[in-house]
Amino acid sequence: DEDAAAMFDVDDALLKVKSKIKEPTAKLRTLAPQANKISFNFQKWAAAVLLLVGLGSLAYNFLGSPSAPNTYAAVDSIENITLSDGSEVVLNKNSTLRLLGDYGTKLRGMELNGEAYFKVKSNADQPFIVKVGDIEVEVLGTQFNVDGRNANDKATVFVDEGKVKVTSMKSRTKVLLTAGESSTYDNSTRVLLKDKSKRHNAMSWIDDKLRFENAPLSQVIMEIEDHFNINVELKNNALSGCKYTSIFNGAEADEVLETLSAVFNLQLMKEGDKTFELTGGNCN
């Protein structure tokens, strides 16, 4: 059974691979420190939204002041915010959220740079709209997550439960997403399309948990890069489609990559603090 073969004893796998690493791996920071982890009661809310937008080259500054409480920023740690309507926001590091001037009147509008998790309190008379780069995400009901990636290149929206409407403000195209569906907006082509891929790790920066369920290795590596803010190069492209299943709770980057190397007989090399290379290997 292919899925069963992908499950393994993590400790045993780590022992087998450590001798193969050409340079001792250093401990890397985890994006969601224990002190900032949040436990949510989703049943209390009409909608829950997660937005991720191009971190990287964007510079984030605290634009707010005592006279401008409509702007929030998180610099070195995750920040928890309660909005005037009772909605709650978990703002990730290096992110800013700016409420529009008429927030709480006819609609609840805001602009996000960075990454945030929203627990939206239901109010049918005041639509909840988040602007992210060139797209708008409008809450239509129940519970869902939105995952956007690199607003300067692409942004992705993922729905966990419920329904959202995603609109490209440039092409004026729209998609309606329900539970289990996602969409990707390409900034260069202005094309907004639905995706079919599952996204188990939309909230990994909050709960510090990585889950892979029969996922292709190329997707696994991409999500590891996103979670730890590192670069991982898979030299053997023939392994891109190899399926992988595992769960990591509070693991660090070197541990995850060492385990991955053991499963696929890869050689792991580290270059600097945030660059890793995987060579050789074979599918199980």
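This is a predicted model: local features need pLDDT of at least 70, side-chain atom pairs count only at pLDDT 80 or more; totals for chains, interfaces and linings use all residues.
I began with an open sheet of three strands, ordered 10-13-14 and paired in the antiparallel sense. Strand 10 (154-158) and strand 14 (191-195) are its edges; each has a single partner strand, so one side of each lacks a neighbour in the sheet.

Residues are numbered from 1 along each chain as its sequence is written, and side-chain values use heavy atoms, with hydrogens and water left out.

My strands (E, at least two residues) and helices (H or I, at least four) are DSSP runs, numbered from the N terminus. Two strands pair if DSSP finds at least two bridges between them. Strand 10 and strand 13 (residues 182-186) have five bridges, in the antiparallel sense. I picked out T156, whose bridge partner in strand 13 is T184.

Next stop, the loop between strand 13 and strand 14, where I found R190. R190 is not a glycine, yet its phi is positive, about 60°. Its relative accessibility is 42%, so R190 counts as partly exposed. My cut-offs are under 20% relative accessible area for buried, over 50% for exposed, and partly exposed in between (1.4 Å probe, protein chains only).

I then turned to N214, in strand 15. N214 also has a positive phi without being a glycine, near 50°. N214 is partly exposed, because its relative accessibility is 30%.

Last came helix 4. How far should the 12 residues of helix 4 (residues 217-228) span? At 1.5 Å a residue I expect 16 Å, and the end C-alpha atoms are 16 Å apart, which agrees. The expected span is 1.5 Å times one less than the number of residues.

Helix 4 is mostly covered, with nine of its 12 residues buried. Among them are L217, V220, I221, I224 and F228, as well as E223, E225 and H227. Their cover includes helix 3 (204-207), strand 15 (209-216), strand 17 (243-249) and helix 5 (253-264), where contact means heavy atoms within 4.5 Å. After helix 4 comes N229, with a positive phi near 55°.
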